[in-house]
Amino acid sequence: MNFLKIEQDVTVEDINNKYDFPNQKIGIIIQIKDKHGKILLQQRGPKSRGDNFLYEDIGGRFESSDMTFKETVIRELKEEVGEVANIEISNQAGIYTVYKNNINWIFIIYLGKYMDGELKIMEPEKCLGYKFFTPEEALNSNLVTNSCKFLITELKDY
């Protein structure tokens with residue numbers, strides 16, 4: 001697991017020029033906090049790609065139909081929590097690389113702020129629900145993925 005803080009947004013071309021891992025995939029992760037600093041995590045369902053029944057940040061794979069990483073974030077939020085929740089999306093905060101399930105993942109990390117609105121379960125086989133954790137609760141929980149804990153630690157000063 002590696003994290004690189006970035007000062008300006010990167011493009012797909014930037015990522016493809018910088019990284020050339022075997023079996024490489026690009027995705028996004030958005031770490032969402034409420035006005036009290038609690039982190040919104042989703043509980044992964046039985047049909048998730050891995051880490052079933054554990055909590056982690058919302059995210060997903062960059063698709064060829066996405067023109068930008070920001071479009072990926074917006075699409076993933078709609079797919080995961082619906083269109084009722086009001087979540088402000090920041091600029092990119094960093095690049096997170098991890099080897100997981102035989103895939104070299106490159107994630108573009110965004111920060112989000114939960115303002116209000118209902119968090120809907122849009123894919124019940126992939127998401128069992130949502131919960132807000134204080135950073136300390138998340139870091140000390142056996143129900144939160146190690147990769148999520150890593151990002152909480154890396155993003156603590158944002």
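**Arg-75 and its partners**

I started with Glu-63 and Arg-75, whose side chains form a salt bridge at 3.6 Å, N to O. The model is a predicted one, so I keep that in mind for every distance here. This pair ties together distant parts of the chain: Glu-63 lies in the loop between strand E5 (58–61) and helix H2 (69–81), while Arg-75 belongs to helix H2, 12 residues apart.

Next I looked up how open the two ends are. Glu-63 comes out partly exposed, with a relative accessible area of 36%. Arg-75 has 16% relative accessibility, so I count Arg-75 as buried, the cut-off being under 20%.

Then I checked who else Arg-75 pairs with. Glu-76 makes a salt bridge to Arg-75 at 3.0 Å, N to O. Both of these residues are buried. Glu-79 also bridges to Arg-75, at 3.2 Å, N to O. Why are Glu-79 and Arg-75 separated by about one helical turn? Because they sit 4 residues apart in helix H2. At 30% relative accessibility, I log Glu-79 as partly exposed.

I wanted to see how these pairs join up. Glu-63, Asp-66, Arg-75, Glu-76 and Glu-79 are linked in a network of salt bridges. For the whole structure, my search gives 7 salt bridges.

**Cysteines**

How many disulfides does a search of the whole structure find? I get 0. A disulfide would be a covalent bond between the sulfur atoms of two cysteines. I went through the cysteines to see why none turned up. For Cys-127, the closest cysteine sulfur is in Cys-148, and at 13 Å that is too far for a bond. The cut-off I use is sulfur atoms within 2.5 Å.

Buried or exposed, for Cys-127? Cys-127 is buried, at 2% relative accessibility. Cys-148 is buried as well, with a relative accessible area of 2%.

I moved on to strand E6, residues 86–100, where Ile-89 is found. With 24% relative accessibility, Ile-89 goes down as partly exposed. Which residues does Ile-89 touch, leaving out those up to four places away in sequence? My list reads Ile-30, Lys-70, Val-73, Ile-74, Leu-77, Tyr-110 and Leu-111. I also took the C-alpha distance from Ile-89 to Tyr-110: 7.0 Å, for residues 21 apart along the chain.

Thr-97 is in strand E6 too. I get a relative accessible area of 11% for Thr-97, so Thr-97 is buried. Setting aside residues up to four places away in sequence, Thr-97 touches Met-1, Asn-2, Tyr-19, Phe-21, Trp-105 and Ile-106.

**Recap**

For the charged group, I come back to Arg-75, a buried residue that is part of the salt-bridge network with Glu-63, Asp-66, Glu-76 and Glu-79.

How values were computed: Residues are numbered from 1 along each chain as its sequence is written. This is a predicted model: local features need pLDDT of at least 70, side-chain atom pairs count only at pLDDT 80 or more; totals for chains, interfaces and linings use all residues. Side-chain values use heavy atoms; hydrogens and water are left out. Helices (H or I, at least four residues) and strands (E, at least two) are DSSP runs, numbered from the N terminus. Buried means under 20% relative accessible area, exposed over 50%, partly exposed in between (1.4 Å probe, protein chains only). Contact means heavy atoms within 4.5 Å. A salt bridge is a side-chain nitrogen of Lys or Arg within 4 Å of a carboxyl oxygen of Asp or Glu.
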